[in-house]
Amino acid sequence: MSKPVEKPEWARVAEAFEASGLTQKAFSAQRGVRLSTLQSWVYRARRAATTRVEPVRLLPVQVARSPAATESLLEVVAEGGARVRFAVGADVAYVARLVAALGR
């Protein structure tokens, strides 16, 4: 393979590496590219991927005391009035995505 010189070409090479399942050393030897150059572009691609994550939107909350409940449920009331009840120990990321979707 001729050595990629343009940024888009290296981005494609880094993407191909991620999909290959090979080690960086094996992939670079197979493609005929320098290991250090491959490592640099894979690092850049991974770093860019983490910066594309949606920003977290914080919502105002009101903490209230309630009588001791017999059930272990928590409740979130979205800005629009929608109520979401979930069990203690539920996946917080899932609940956050659900509340965010209801707030749209």
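Me: How are α1 and α2 oriented to each other?
Reply: This is a predicted model. In it, α1 and α2 pack at an angle of about 125°, with their axes 10 Å apart. Angles of 65 to 115 degrees count as roughly perpendicular and those over 145 as roughly antiparallel, and the rest of that range is oblique. The two helices α1 and α2 are therefore oblique.

Me: Is the crossing of α1 and α2 left-handed or right-handed?
Reply: The handedness belongs to the crossing of α1 and α2, whose axes are 10 Å apart. That crossing is right-handed.

Me: Which residues of α1 and α2 make the contact?
Reply: On the side of α1, the contact is made by Val13, Ala16, Phe17 and Ser20. On the side of α2, the residues are Gln24, Phe27 and Arg31.

Me: Which residues is Ala16 in contact with, leaving aside its neighbours within four places in sequence?
Reply: The C-alpha atoms of Ala16 and Phe27 are separated by 9.2 Å, and the two residues are eleven apart along the chain. With neighbours within four places left aside, the contacts of Ala16 are Phe27 and Arg31.

Me: Why is the pair of Trp10 and Trp41 stacked?
Reply: The ring centres of Trp10 and Trp41 are 6.4 Å apart. Planes under 30 degrees apart count as stacked. The pair is stacked because the planes of Trp10 and Trp41 are at 5°.

Me: Which helices hold Trp10 and Trp41?
Reply: Trp10 and Trp41 are 31 residues apart, and their pair links distant parts of the chain. Both Trp10 and Trp41 are buried. Trp10 is in helix α1, residues 7–20, and Trp41 is in helix α3, residues 35–51.

Me: Which residue lies over the face of Trp41?
Reply: The distance from the ring centre of Trp41 is 4.2 Å. The residue over this face is Arg44.

Me: What kind of aromatic pair do Phe17 and Phe27 form?
Reply: The centres of the Phe17 and Phe27 rings are 5.6 Å apart. Their planes are at 70°, and planes over 60 degrees apart count as edge-to-face. The pair of Phe17 and Phe27 is edge-to-face.

Me: How many residues apart in sequence are the parts that the pair of Phe17 and Phe27 ties together?
Reply: Phe17 is buried, with a relative accessible area of 7%, and Phe27 is buried with 1%. Phe17 lies in helix α1, whereas Phe27 lies in helix α2, residues 24–31. The pair therefore ties together parts whose separation in sequence is ten residues.

Me: Is Ser28 buried or exposed?
Reply: Ser28 lies in helix α2. Leaving aside neighbours within four places in sequence, Ser28 is in contact with Val33, Arg34, Leu35 and Leu38. Its relative accessibility is 5%, so Ser28 counts as buried.

Me: Is Arg12 buried or exposed?
Reply: Arg12 has its place in helix α1. From Trp41, Arg12 is 29 residues away in sequence and 9.6 Å away in space, C-alpha to C-alpha. The relative accessibility of Arg12 is 54%, so Arg12 counts as exposed.

Me: What pattern does the protein follow along the sequence?
Reply: The protein has four helices and two strands. Read along the sequence, these follow the pattern α-α-α-β-β-α.

How values were computed:
Residues numbered from 1 in each chain as written. Predicted model: local features only at pLDDT ≥ 70, side-chain atom pairs only at ≥ 80, totals over all residues. Heavy atoms only, no water. Phe/Tyr/Trp six-rings, centres within 6.5 Å; stacked < 30°, edge-to-face > 60°. Buried < 20%, exposed > 50% of the residue type's maximum accessible area, 1.4 Å probe, protein only. Lys NZ or Arg CZ within 6 Å of the ring centre and 35° of its normal. Axes fitted to C-alpha atoms, helices over the stretch in contact; angles between N-to-C directions. Parallel < 35°, antiparallel > 145°, perpendicular 65-115°, else oblique. Left-handed = near helix turned anticlockwise from the far one by under 90°. Contact = heavy atoms within 4.5 Å.
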